[in-house]
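Hello,

Here is the structure I promised to pass along. Please have it open while you read, and my notes follow below.

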Amino acid sequence: METHNINTSDNTDIDLREFFKVLWQGRLTVVAVTSIFIIISIIYSLSLPNIYHSKAILSPVEESGGNGMNQVMRNMGGLANLAGINLPSSDSGGKTLQAIEKLNTLSFFENNILPNIFLPDLMALESWNANTNDIIYDKDIFNEVTKTWTRDYNYPQTQIPSAQESFDVFVDDHLVVFQDPDTGFVSITVKHQSPFVAQAWAELIVSQLNYLFRSKSKLEAQAAINYLNIQMAQTSFAEIKLVIAQLLQQKMQQLTLIEASDFYIFDYIDPPAVMEDKSEPSRAAICIIGAIIGGLLGCLVLVIRFYSSDQKLQ
């Protein structure tokens with residue numbers, strides 16, 4: 001048994017020595033293959049455009065407790081129950097989750113983002129000139145002189161990119177949304193070749209989210225006020241009128257709070273900025289990965305060539 005282990009160990013040593021001899025004798029091949037891959041990696045990395053990130057870090061307003069909205073709504077619900085009145089529903093909880101989900105919907109993009117951006121910046125971008133801050137568009141897609149779309153298309157595409165096609169590009173290539181499970185803070189990151197466009201789009205997303213939910217709550221509050229005024233006119237009981245008056249007062253308070261600030265859902269912890277340094281691509285990492293792949297491939301070629309032939313090392 002011991003003799004078998006010794007022989008196995010000797011064979012292993014011989015195999016390893018043979019393997020390293022193969023690599024040493026073919027070192028020029030490994031260097032050549034690695035160099036080729038490094039050159040290809042350098043050319044590829046230089047062909048990639050710089051991508052800038054603009055990041056907004058947001059605090060959910062409903063969780064800050066500073067606006068007192070939740071307490072107002074709880075008080076209103078209690079008073080309405082005492083008066084036997086069913087107010088139009090207005091869910092003050094979970095608006096942060098609703099806003100994050102809404103952000104990733106086609107309807108939000110189509111109604112709130114698409115009308116406020118220059119579509120060629122999204123669908124016809126070729127490059128950005130940092131010296132002049134000009135965006136160059138792909139002439140095969142969009143003619144900047146005539147301001148017309150020139151791209152070739154096949155069904156279901158249209159000459160002018162549709163909202164659905166643009167939405168897919170926007171969400172997949174330009175938008176990253178993350179909510180920290182520990183702090184509840186939300187980060188919205190927009191990626192673009194132009195840092196100015198990235199910053200503008202990030203600000204637009206935040207402002208439109210706040211505007212959308214603020215407008216919705218305002219309509220609901222006004223509908224509740226109208227409803228309470230109708231109930232006030234229809235009842236003859238002084239006690240119920242007193243409760244309705246208190247409900248109206250609190251609903252007016254809610255409406256005032258809605259009108260008081262533009263930051264209804266999210267407030268800035270750190271607003272998006274025009275970044276001076278690119279975030280992508282990491283050209284050094286691309287070259288290192290290329291060198292590793294080239295080295296491994298060169299070694300593999302040597303080993304396969306040696307063991308597939310009848311060649312013996314002396």
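Where is the place of P281? P281 sits in the loop between β8 (266-270) and α10, where helices (H or I, at least four residues) and strands (E, at least two) are DSSP runs numbered from the N terminus. The peptide bond from E280 to P281 is cis, with omega near -10°.

Before going further, two words on the source. This is a predicted model, in which local features need pLDDT of at least 70 and side-chain atom pairs count only at pLDDT 80 or more, while totals for chains, interfaces and linings use all residues. Residues are numbered from 1 along each chain as its sequence is written, and side-chain values use heavy atoms, with hydrogens and water left out.

Now the overall picture. The chain has 10 helices and 8 strands. Of its 314 residues, 35% count as buried (buried means under 20% relative accessible area, exposed over 50%, partly exposed in between, with a 1.4 Å probe and protein chains only). Among contacts between residues at least 6 apart in sequence, 74% join residues at least 24 apart; contact means heavy atoms within 4.5 Å.

Some backbone details may interest you. Most residues other than glycine have a negative phi, and most peptide bonds are trans. Besides the cis bond at P281, a cis peptide bond joins Y155 and P156, with omega about 10°; P156 is in the loop between β5 (148-149) and α7. N133, not a glycine, has a positive phi of about 55°. N133 lies in the loop between β2 (125-129) and β3 (134-137), and counts as partly exposed at 37% relative accessibility. K147 is not a glycine either, and has a positive phi of about 60°. K147 is in the loop between β4 (142-143) and β5, and is exposed at 52% relative accessibility.

Next, the helix pairs. Two packed helices are described by the angle between their axes and the distance between the axes. Here axes are lines fitted to C-alpha atoms, for helices over the stretch in contact, and angles run from 0 to 180 degrees between N-to-C directions. The axes of α2 (residues 27-47) and α10 (residues 283-307) come within 7 Å and cross at roughly 150°. The two are therefore roughly antiparallel (angles under 35 degrees count as roughly parallel, over 145 as roughly antiparallel, 65 to 115 as roughly perpendicular and the rest as oblique).

For α4 (residues 95-103) and α8 (residues 195-234), the axes come within 11 Å and cross at roughly 125°, which makes α4 oblique to α8. Which residues meet there? K95, Q98, A99, K102 and L103 in α4 meet I205, L209, L212, F213 and S217 in α8.

Helix α7 (residues 163-174) has 12 residues and reaches 15 Å from its first C-alpha to its last, close to the 16 Å expected at 1.5 Å a residue (the expected span is 1.5 Å times one less than the number of residues). In α7, A163, E165, S166, F167, F170 and H174 are buried, and they pack against α5 (106-113), α6 (119-123), β6 (175-179), β7 (186-192) and α8. L175 is found in β6 and is buried, with a relative accessible area of 8%. Leaving aside neighbours within four places in sequence, L175 is in contact with L103, N104, F170, I188, T189, V190 and I205.

Best wishes
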